[in-house]
Amino acid sequence: TRAEAALEAREGAEIAAEMELRQCVRDAVQTACVTGTPLNREGVKSTIKRKASDVARCMELLIAERWLIEIDVPRDERQHPRRASFIVGLSTTEREAFLRGEPLPPEKTAVPATWKKQVISSIPEKTAPDVKSSQK
């Protein structure tokens, strides 16, 4: 009937929208990781121009399915308290290996420099002597 056809079309559209959102989330995470500035949960929600609750729900599903992994930043390395963890995406082969119990690749778990505190040395750096002052 027409009602059944309309219901099937609506369900098909909802499934397509959900698949598109999943791909958008994975693409946003992957792009951010490639540029060296990975995103946390709030960063993903702000990057994707959709309803934040839908993005959060989608992220939770992808994390539960192990397509996305949340990497914790050690407390002493954190640049800011809100940067306690960041999200990385796994490829199909990385995900299958992870599900078998193999560790994640080191490049996925490494905390990027953009997320680390800047180390400030207590020893001042030596500077080259000023040429003008030495000629006097």
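Reader: Let's pick a spot. Where is the place of Thr114?

Author: Thr114 sits in the loop between H5 and helix H6 (131-134). Helices here (H or I, at least four residues) and strands (E, at least two) are DSSP runs, numbered from the N terminus. This is a predicted model, in which local features need pLDDT of at least 70 and side-chain atom pairs count only at pLDDT 80 or more, while totals for chains, interfaces and linings use all residues. Residues are numbered from 1 along each chain as its sequence is written, and side-chain values use heavy atoms, with hydrogens and water left out.

Reader: Is Thr114 buried or exposed, or in between?

Author: Thr114 is partly exposed, because its relative accessible area is 33%. Buried means under 20% relative accessible area, exposed over 50%, and partly exposed in between (1.4 Å probe, protein chains only).

Reader: What is Thr114 in contact with?

Author: Leaving aside neighbours within four places in sequence, Thr114 is in contact with Gly36, Thr37, Pro38, Gln79 and Arg83. Contact means heavy atoms within 4.5 Å. Gln79 is 35 residues from Thr114 along the chain, and their C-alpha atoms are separated by 8.3 Å.

Reader: Back up a bit. How many helices and strands does the protein have?

Author: There are 6 helices and 2 strands. Along the sequence the pattern runs α-α-α-β-β-α-α-α.

Reader: And what share of the protein's residues count as buried?

Author: 27% of the 136 residues. Among contacts between residues at least 6 apart in sequence, 62% join residues at least 24 apart.

Reader: Which residues of the largest nonpolar core touch the most other members?

Author: Val25, Val44, Ile48, Val55, Met59 and Leu68, out of 16 residues in that core. Helix H1 (2-35) and helix H3 (52-64) each supply at least two of the core's residues. A nonpolar core is a set of buried Ala, Val, Leu, Ile, Met, Phe, Trp, Tyr and Cys residues joined through side-chain atoms within 4.5 Å. In soluble globular proteins, nonpolar side chains tend to be buried together.

Reader: What about Arg22, buried or exposed?

Author: Arg22 counts as buried, because its relative accessible area is 17%. Arg22 is found in helix H1. Beyond the neighbours within four places in sequence, its contacts are Cys58, Leu61, Leu62, Glu65 and Trp67.

Reader: New topic. What volume does the largest pocket have?

Author: About 170 Å³. A pocket is found on a 1 Å grid over the protein atoms alone, as an open set of points where a 1.4 Å probe fits, with protein on both sides within 12 Å along at least five of seven lines; lining residues have an atom within 4 Å of a point. Grid points are joined across faces, edges and corners, and a volume is the space filled by probe spheres set on the points.

Reader: Which element gives the largest share of the lining?

Author: H1, with 3 residues. H1, strand E2 (85-89) and helix H5 (106-109) each supply at least two lining residues. The lining residues include Gln30, Cys33, Val34, Phe86, Val88, Glu107 and Lys108.

Reader: Gln30, then. What does Gln30 touch?

Author: Gln30 touches Gly89 and Lys108, not counting residues up to four places away in sequence. The C-alpha atoms of Gln30 and Val88 are separated by 6.9 Å, although the two are 58 residues apart along the chain. At a relative accessible area of 36%, Gln30 is partly exposed.

Reader: One last residue. What phi does Arg66 have?

Author: A positive one, about 70°, although Arg66 is not a glycine. Most residues other than glycine have a negative phi. Arg66 lies in the loop between H3 and strand E1 (68-72).
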